[in-house]
Amino acid sequence: MRIFLMGGTGLVGSRLMPRLLERNDEVILQTRRPDAARQKWGEACRVVEGDPMQPGAWMDAVADCDAVVNLVGEGVFNRRWRAGFKQLLRDSRIRSTEHVVQALAKAPRTAAGATKVLVNASAIGYYGAHGDEELTEASGPGDDFLAQLCVDWEGAACAAESDGVRVAVVRVGVVLDREGGALKQMMTPFKLLVGGPVGSGRQYVSWIHHADLVGLLLLALDDGRAAGPLNGTAPNPVTSKQLARALGRAMGRPSFMPAPKFMLRLVLGQVAGLVTAGQRVLPRQAQELGYSYRFPEIEGALKDLLGS
Ligand SMILES: NC(=O)c1ccc[n+]([C@@H]2O[C@H](COP(=O)([O-])OP(=O)(O)OC[C@H]3O[C@@H](n4cnc5c(N)ncnc54)[C@H](OP(=O)(O)O)[C@@H]3O)[C@@H](O)[C@H]2O)c1
């Protein structure tokens, strides 16, 4: 398969890329940082330079591809959420999606006449905060900033359906990866012996091991039944307290020091709500499609990630 990959230099994209190459997919990587991409992937893929927030020549490369995977998005924890940054969080996701959908509209079928597929990232932020209520793909959206962003992001992706493209949106959960993201942040207090749950510790964390997220992205690419939303989470979400306990055990450090809500608000500002509010998201679609998780339980996932 020839795949147009956007966001392939990021945390998830860097895990997806070797799996695509392993199975002999041809990858065309769109990036704003061609030198960094070439340094990372050498000649293994074709690099197309371009800013996905702007329309441009990069969009021409979409015509030759069988599928698009779009993982672009400014990191939600990169800065405090002031108005300008919130706009960037939206624009980096929604505009880049609109542009790739425009590119797909010009050539919605493969050279062989088959349906093209767009696998687009979204986030479990779609659901908003829900305490310990179980959420599946059938649950409705929340009404906060991030939920509205996800609704508009998914809407931009699903616009490609009117051109006959199969669209799967993967609502990504908290990705556990030793190389970065949430796990790296969570590990710091544990290393300093002050690790513990966040806030009350009762809120759910819907996590996923990076290998399973890649597995789900490949499922979304390959399986013609995958269309619409697909929760990118493990089947067993845990409370913040359970996560802290499992992380403490995996690191051989104590895990009883809670991080109070007010302190997180001071340090993180508005984005603190993301770690203090619970979401118990279940991957019903992945299970209906028969996906078999490598790491369904948090203990096994952390053992794999943190084992020497
Ligand atoms: N990691 C998680 O826990 C998590 C959770 C929920 C949802 N997600 C979503 O899943 C997707 C992949 O996540 P990730 O952690 O791999 O993301 P990431 O590493 O933060 O970034 C992915 C890519 O997005 C591009 N990008 C970043 N900021 C941009 C900007 N301002 N304008 C244009 N392009 C920009 C970059 O590509 P270049 O620099 O190569 O141009 C980057 O490599 C994202 O859409 C993210 O929102 C991730």
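This is a predicted model: local features need pLDDT of at least 70, side-chain atom pairs count only at pLDDT 80 or more; totals for chains, interfaces and linings use all residues.
## Basis

Local features need pLDDT of at least 70 and side-chain atom pairs count only at pLDDT 80 or more, while totals for chains, interfaces and linings use all residues. Residues are numbered from 1 along each chain as its sequence is written, and side-chain values use heavy atoms, without hydrogens or water.

## Ligand shell

The ligand is surrounded by 23 residues (a heavy atom within 4 Å). Closest are Thr-9, Val-12, Thr-31, Arg-33 and Arg-93. By class, the shell holds 11 nonpolar, 8 polar and 4 charged residues. Here Ala, Val, Leu, Ile, Met, Phe, Trp, Tyr, Cys and Pro are nonpolar, Asp, Glu, Lys and Arg are charged, and the others, Gly among them, are polar.

Helix H1 (11-22), helix H3 (83-106) and strand E5 (117-123) each give at least two shell residues. Helices (H or I, at least four residues) and strands (E, at least two) are DSSP runs, numbered from the N terminus.

## Polar contacts and cover

The distance is 2.9 Å for Leu-11, 3.1 Å for Val-72 and 3.4 Å for Leu-71. The protein covers 84% of the 880 Å² of accessible area that the ligand has on its own (Shrake-Rupley method, 1.4 Å probe).

## Aromatic pairs

The model has 4 aromatic pairs. Rings of Phe, Tyr and Trp (its six-membered ring) pair if their centres lie within 6.5 Å; planes under 30 degrees apart count as stacked, over 60 as edge-to-face and the rest as tilted. Phe-4 and Trp-58 are stacked, because their ring centres are 6.3 Å apart and their planes at 15°.

This pair links distant parts of the chain, 54 residues apart. Phe-4 is in strand E1 (residues 2-6). Trp-58 is in the loop between strand E3 (46-49) and strand E4 (67-70).

Terms used. A polar contact is a pair of N or O atoms within 3.5 Å; within protein, one must be able to donate a hydrogen and the other to accept it, and residues adjacent in sequence count only if both atoms are side-chain atoms.
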